[in-house]
Amino acid sequence: MKSGDPKTYEVIIIGGGPAGMTAGLYTTRSRLRTLLIETGLLGGQITTTELIENYPGFPEGINGSELSLLMEQQVKRFGLEIINQEVLEVRLEEDRKVVRTHVSDYYSETVIISSGTEYRKLGIPGEDTFIGKGVSFCATCDGAFFKDSRIVVVGGGDSALTEALFLTKFAKEVTIIHRRDALRATKIYQERAQAHPKINFLWNSVVQEIKGDKEVRSVLVKNVKTNKVKEFETAGVFLFVGISPKTQFIKGLVEMDEGGYIITNENCETSVKGIFAAGDCRKKLLRQIATAVGDGATAAFALEKYLEEKE
Ligand code: NAP
């Protein structure tokens, strides 16, 4: 394989969130010819996060898009090549990896998968019908449409609580609907949400249906203890019921767990030599920017060692 050929690289990184950008920073500084392929916006999920308070170095917190832009500027300084395409498949061809996008095939000695996760859906009637008409998975993107409205947030994790807190900037009332009577979110978010005058909770409750006409008007909520179903008026439904890894394009090639998260060792090496995984798409304990950045650096370092040993 001639690494000078167009479309032929020493490293291809799939996904340009904090893990992918960090990996790119390290591989380009090691002078490895690197291509980063991203489907959407560089930065991934952080671009839709209003305030990041748990990434060190920003004592007052930082807006997600701002942090992402800083990472992008930094990595571009070292010459990372970035393209905006959708990866459809990764396959092995002799000693090289072939990454097929919706535009072309790209060839590389190594691949880092840092494709992240996406928000899960509930799979209830009305959910798909009203996306963009009151149903949303992004408070930063859509919150401003709900000025002085009554809205609901579904879920009890960090996403649900941080997004609910952000939505209080616009809405007159935010009701968090959670299926249990205890929250999963970090304690500091629980304290803030529970103390917020605009936020209230519907405990032990699940949304069964989202109803409306041209826009969302209400949700049917079932109390799981009493089985009673009530109609709850709302203009918006923000769904934060967990995440799923975006790993379909590599299914069957590398080892994954039952949820589709890629299994690696502590060096971010997957079951296939020369393929690494970093960030939220990897099976691991904690999914945060701090851990994604750590994975990106580890994967890049392990990759460099792999290439050295191969030679
Ligand atoms: P999560 O932690 O998996 O929480 C999902 C929530 O949705 C849980 O409360 C869960 O209920 C509920 N849920 C799941 N399926 C449901 C269903 N079918 N019906 C009703 N409720 C359902 O997901 P997340 O909040 O999106 O967070 C994902 C990861 O990103 C986490 O690691 C989190 O720490 C991280 N994150 C961090 C921050 C931050 O640090 N600022 C912000 C956002 C996200 P149960 O509790 O009953 O399971």
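A residue counts as buried when its relative accessible area is under 20%, as exposed when it is over 50%, and as partly exposed in between (1.4 Å probe, protein chains only). By that scale Glu 94 is exposed, with a relative accessible area of 84%, whereas Cys 268 is buried, at 1%. The model is predicted, so local features need pLDDT of at least 70 and side-chain atom pairs count only at pLDDT 80 or more, while totals for chains, interfaces and linings use all residues. Residues are numbered from 1 along each chain as its sequence is written, and side-chain values use heavy atoms, with hydrogens and water left out.

**Backbone angles**

- Most residues other than glycine have a negative phi.
- Glu 94 has a positive phi, near 50 degrees, and is found in the loop between strand E4 (87-93) and strand E5 (96-101). Strands (E, at least two residues) and helices (H or I, at least four) are DSSP runs, numbered from the N terminus.
- Cys 268 also has a positive phi, about 65 degrees, and is found in the loop between strand E16 (243-245) and strand E17 (275-277).

**Helix H4**

- Seven of the ten residues of helix H4 (158-167) are buried.
- The buried residues are Ala 160, Leu 161, Glu 163, Ala 164, Leu 165, Phe 166 and Leu 167.
- Among the elements that cover them are helix H3 (139-142), helix H5 (187-195) and strand E10 (173-177).

**Helices H1 and H6**

- The axes of H1 (residues 18-29) and H6 (residues 289-310) come within 7 Å and cross at roughly 35 degrees. Axes are lines fitted to C-alpha atoms, for helices over the stretch in contact, and angles run from 0 to 180 degrees between N-to-C directions.
- The contact (heavy atoms within 4.5 Å) is made by residues including Ala 19, Ala 23 and Tyr 26 of H1 and Ala 292, Gly 296 and Ala 300 of H6.
- By class, this contact has nine nonpolar, three polar and no charged residues. Ala, Val, Leu, Ile, Met, Phe, Trp, Tyr, Cys and Pro count as nonpolar, Asp, Glu, Lys and Arg as charged, and the others, Gly among them, as polar.

**Lining of the second largest pocket**

- A pocket is an open set of points on a 1 Å grid over the protein atoms alone, with protein on both sides within 12 Å along at least five of seven lines; lining residues have an atom within 4 Å of a point.
- The lining includes Trp 203, Asn 223 and Lys 228, and divides into four nonpolar, three polar and three charged residues.
- Strand E14 (229-233) supplies the largest share of the lining, three residues.

Terms used. 1 Å grid on protein atoms, 1.4 Å probe; cavity = no way out; pocket = protein on both sides within 12 Å on 5 of 7 lines; lining within 4 Å.
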